[in-house]
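Dear colleague,

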Amino acid sequence: MLSIDFDCPDPIVLARFYGDALGLPVIYSSDDFVLLGREGAPGLGFIRVADYRPPTWPDPSQGKQAHMELGVDDLEAAHARMLALGAVEPSVQPHPDERRVLLDPAGHPFCISTES
């Protein structure tokens, strides 16, 4: 199994957000770890960390750690959908006409973009 895993305070909450955002089902779940994906393909994992501290992007004091770039067809519609799913919009938007930086429920930055 191959997965990209995110530290977080509550793996169920974060897995629900990304599962809804990306249309991925849960393929494994425990109190401390949830894996999204499809059998035979890489997945996204979410691991409970007791002393989790979210990234403070764009403030470098607690680095962004990692982030995802998600391609979308309609930036405005995707932006509204992600906010409705629980994403938060930070005040800094380096290129708002091309991409939007959002924070997932655990504070990880991710981008939505119409760029190819």
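The notes below concern aromatic pairs and a pair of strands.

This is a predicted model, in which local features need pLDDT of at least 70 and side-chain atom pairs count only at pLDDT 80 or more, while totals for chains, interfaces and linings use all residues. Residues are numbered from 1 along each chain as its sequence is written, and side-chain values use heavy atoms, with hydrogens and water left out.

The structure holds seven aromatic pairs, where rings of Phe, Tyr and Trp (its six-membered ring) pair if their centres lie within 6.5 Å, and planes under 30 degrees apart count as stacked, over 60 as edge-to-face and the rest as tilted. The rings of Y18 and F46 are stacked, because their centres are 5.6 Å apart and their planes are at 10 degrees. This pair links distant parts of the chain, as Y18 lies in helix α1 (residues 11-22) and F46 in strand β4 (residues 43-48), 28 residues apart; helices (H or I, at least four residues) and strands (E, at least two) are DSSP runs, numbered from the N terminus. Both Y18 and F46 are buried, which means under 20% relative accessible area, with exposed over 50% and partly exposed in between (1.4 Å probe, protein chains only). Ring pairs also join Y18 and F46 with F6, F17 and F110 in a cluster.

Y28 and F33 form a tilted pair, with 6.1 Å from centre to centre and 40 degrees between the planes. Y28 is partly exposed at 44% relative accessibility, whereas F33, at 18%, is buried.

Strands β2 (residues 26-29) and β3 (residues 33-36) run antiparallel and are joined by three bridges, two strands being paired if DSSP finds at least two bridges between them. V26 has L36 in β3 as its bridge partner, and the two strands, β2 and β3, form a hairpin with three residues between them.
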